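Please look at the chain below before reading my points.

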Amino acid sequence: MITLDGLRKEYSDFLLDVDLMVEKGRIVSILGPSGSGKTTVLRLTAGFESPDAGRVIVGGRDVTNVDPSRRGVGLVFQDYTLFPHMSVHDNVAYGLKYSSVARAEREATVARLLGTVGLAGFGSRDVRTLSGGEQQRVAIARAVAVNPGVLLLDEPFSSIDAPLRKGLRAELVRVTQELAITTVFVTHSRDEALSISDMVVVMKDGRVVAHGTPVELYETPKNRFVAEFLGEANVFSGKVSRTVGNSWRLEAFRDFTVDNSAPSGSEATIMIRPERVAISSRATGQPNEFAARIIAAQYFGAVSEYTLECDGVSIVAASPMRFARGDAVYGALEPSSIVVLDDP
Ligand code: ADP
Ligand code: MG
């Protein structure tokens, strides 16, 4: 388990102020724009920086003033930081060499971990002859070899080709689960954060602005920043009018019925994801239906993304159905998929 308790760090024009708790064995992603403080959180947790205030607690032990090498924390960075003149085996064995682990046990650990990361038989290879993905797998094996309770990764797959990245993510999840390692994974990729994490922490300007499960943050974000940072979002503001039972109406560019607890004020901002906007070529009588024209179409294979225009307003819809630019269609916003945001 990791607890960051009132952790503060000030640089000339930047203030980090973070509280965070990661339960044992969980994978938490820290997602945020560049400069939001993600790397600083990792450096403070690892002990490469000391905080101006607050405490770092790892596995129940206050390690705020403990040397990085004695925190029980493994690290993997974006740029391969393997020892270039050593074999794969020697890289993975490195941390064990100076521990009290007996030679036979050390060799068994190295062999087992190389198997775990899919590199059995690679032990004698010079790390410079490996691909980027293979190098990062060695880096993961090396980081977990010393049996850390905690693994910290700073954008580890960002210099790796997209097709390989998916496999590496799956592998990371499997390895950390198998070894029950508490993992903090920094990324600026929303797909990466959503797909591998038990929890996602969203940072902005040195603070945690949201945290929750991937489903919570994607489907019911609290505000516009989080909504737009986690995916494509249609956001509309308008006056709240008549309430009918559990539904209420929002007067945006047209009236919409929203099946949700009514917002407290007289103005509201709502959000709906593109895949919750239905498109059809004929009127179907669904709630919140509107006539529209397709003004842009992008084909992605599994789905296409369509920009609909209605009364001068653009709405993005995602659908596996095929339409063409210029088509007259009907769009519909599923009332229960509309989320009320906190924004004014
Ligand atoms: P991220 O990893 O989210 O891109 P960082 O944690 O690297 O963000 O940086 C957050 C802010 O802190 C940035 O404005 C950066 O310039 C500043 N910063 C980070 N490290 C230092 C440092 N050692 N000295 C001064 N400013 C720093
Ligand atoms: Mg960074």
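Is the crossing of H2 and H3 left-handed or right-handed?

1. The crossing of H2 and H3 is right-handed. By convention, a crossing is left-handed if the near helix is turned anticlockwise from the far one by less than a right angle, and right-handed if clockwise. The contact (heavy atoms within 4.5 Å) takes in Val88, His89, Val92, Ala93, Leu96 and Lys97 from H2. From H3 come Arg106, Glu107, Thr109, Val110 and Leu114. These contact residues divide into six nonpolar, two polar and three charged.

2. This is a predicted model: local features need pLDDT of at least 70, side-chain atom pairs count only at pLDDT 80 or more, and totals for chains, interfaces and linings use all residues. Residues are numbered from 1 along each chain as its sequence is written, and side-chain values use heavy atoms, without hydrogens and water.

3. Now the geometry. H2 spans residues 88-97 and H3 spans residues 103-116. Their axes come within 10 Å and cross at roughly 130°. H2 and H3 are therefore oblique to each other (under 35 degrees is roughly parallel, over 145 roughly antiparallel, 65 to 115 roughly perpendicular, the rest oblique).

4. Most residues other than glycine have a negative phi. Asn147 has a positive phi, near 55°. Asn147 sits in the loop between helix H4 (132-145) and strand S7 (150-154). Its relative accessibility is 63%, so Asn147 counts as exposed (buried is under 20% relative accessible area, exposed over 50%, partly exposed in between, with a 1.4 Å probe and protein chains only).

5. Asn288 also has a positive phi, of about 55°. Its loop lies between strand S15 (277-280) and strand S16 (289-299). At 6% relative accessibility, Asn288 counts as buried.

Notes
Chains lettered and ligands numbered in written order. Axes fitted to C-alpha atoms, helices over the stretch in contact; angles between N-to-C directions. Helix = DSSP H or I, 4+ residues; strand = E, 2+ residues; numbered from the N terminus. Nonpolar A, V, L, I, M, F, W, Y, C, P; charged D, E, K, R; others polar.
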